[in-house]
Amino acid sequence: MLDNYQQTENVEFSTPTGAGDFVALPPSLPDKNKSAKRWRKFKKHATGYIWCAPVILGMIIFTLIPMVLSLWYSMHDYDYTAFDRADQLTNFGFQNYIKIFTEDFMAIPYGTGKSLLLTFRYAVFSLAFSMIGSYSLALFMNQKVKGMGAYRVIYYLPCLIPSVAGTLLWADITNADYGYLNTILRALFGEDAGLAFYSKPESVLPTLILTGVTSLGGSMVMWLAQMKNVPEELYEVADLDGANYLYKTFKITIPMTTPMIFYQLLMGIIGALQIYSGIYPLRMKYSAAHEELYFYCVKIYDTFHQSHEYAYACALSWVLFVIIGLLTLVVFRTSKWVFYGEEQ
């Protein structure tokens, strides 16, 4: 009987109340039918909802809620010593954000301005070195040479070392007094042939960037995956026209791998501005590198855990979030150079 009613659910129901007067009666059965449809749809996709629930709950509990709370804290003065929770958050306003760009911006030696400058300087040079180095390495590993698979594995193996462990390993290798590199250099060229590495402020940034050579293997794998998707017909046509290797690289390989260039650029910017785990052990180990490695995330950590200015640390984090968001927007808005396969 319900099926027969569904066929007439769009019919207008009315009843006379007087001469020539009719009042529409709202049908109740279609509402029940909609609820039944929603329940059947939920039961149909219940398995998918169950599998997605841990990820969704994790994002809500460990990402969304902390972000909202940190934004709320950043607009207060937080006193962690107050016994009453109501007295911990006081003075609602933008005083923490004003402090970032006023009294703390040019503070000596650990001002916000200096930490931002050091972070941006590192991001520019490390991103250029990483992208150019990993892309060049991928071009070399993309050659059809016997045993190339073994070389790919060897170059990728250092990426399996945890960041902190790799940092401490390189710190010992590049130690100016007893490091392996200086030991070899002094054995070959004399006692004065050693390099400063992290022992002098002016050589800290070049050393940090150059020791990142062991992380090129991770990006190399992604470049190789993109290069394997370039149609072989394009290279065959170029060979028939007499094109050399450089011409094919700049006219075929690079344009066809622009989607991966776009991805690596975006993720490289985000990662470089958030660098922390590979920096803090160096600051603890070398006093000469203490100021030169005072990157923005290091300042956030020190503000939170050492100065116990929790609200101010939250404000610093949100400033970094806005900076990364603006740079990401710029990258997306200027991505017309990216060529996707479906474009003609």
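A salt bridge here is a side-chain nitrogen of Lys or Arg within 4 Å of a carboxyl oxygen of Asp or Glu. Keep in mind that this is a predicted model.

**Salt bridges**

How many salt bridges does the structure hold? There are 7 salt bridges in it. One of them joins the side chains of R121 and E292, with N and O 3.4 Å apart. This pair links distant parts of the chain: R121 belongs to helix α5 (residues 112–141), while E292 lies in the loop between α14 (280–285) and α15, 171 residues apart. R121 is partly exposed, because its relative accessibility is 33%. E292 is partly exposed too, at 22% relative accessibility.

Another salt bridge is formed by K99 and E309, whose closest N and O atoms are 3.1 Å apart. Here again distant parts of the chain are linked, with K99 in helix α4 (residues 95–100) and E309 in the loop between α15 (296–305) and α16 (310–333), 210 residues apart. K99 has a relative accessible area of 23%, so K99 is partly exposed. E309 counts as partly exposed as well, with 30% relative accessibility.

Next come K248 and D239, which form a salt bridge with their closest N and O atoms 2.8 Å apart. Is K248 buried or exposed? With a relative accessibility of 17%, K248 counts as buried, since buried means under 20%.

| K99 | E309 | 3.1 Å |

**A positive patch**

Which residues form a positive surface patch? They are K34, K37, R38 and R40. Of these, R40 sits in helix α2, which covers residues 29–44. R40 has 49% relative accessibility and therefore counts as partly exposed, because exposed would mean over 50%.

**Cysteines**

How many disulfides does the structure hold? The number is 0. C159 counts as partly exposed, at 28% relative accessibility. C297, by contrast, counts as buried, because its relative accessibility is 15%.

Note on methods:
Residues are numbered from 1 along each chain as its sequence is written. This is a predicted model: local features need pLDDT of at least 70, side-chain atom pairs count only at pLDDT 80 or more; totals for chains, interfaces and linings use all residues. Side-chain values use heavy atoms; hydrogens and water are left out. Patches are made of residues with over 30% relative accessible area and no salt bridge: like charges are joined within 9 Å, nonpolar side chains (Val, Leu, Ile, Met, Phe, Trp, Tyr) within 5 Å. Accessible areas come from the Shrake-Rupley method with a 1.4 Å probe; for residues, only the protein chains shown count as cover. Lys and Arg count as positive and Asp and Glu as negative; His and the chain ends are not counted. The place of a charge is taken as NZ of Lys, CZ of Arg, CG of Asp or CD of Glu. Helices (H or I, at least four residues) and strands (E, at least two) are DSSP runs, numbered from the N terminus. Buried means under 20% relative accessible area, exposed over 50%, partly exposed in between (1.4 Å probe, protein chains only). A disulfide is a pair of cysteine sulfur atoms within 2.5 Å.
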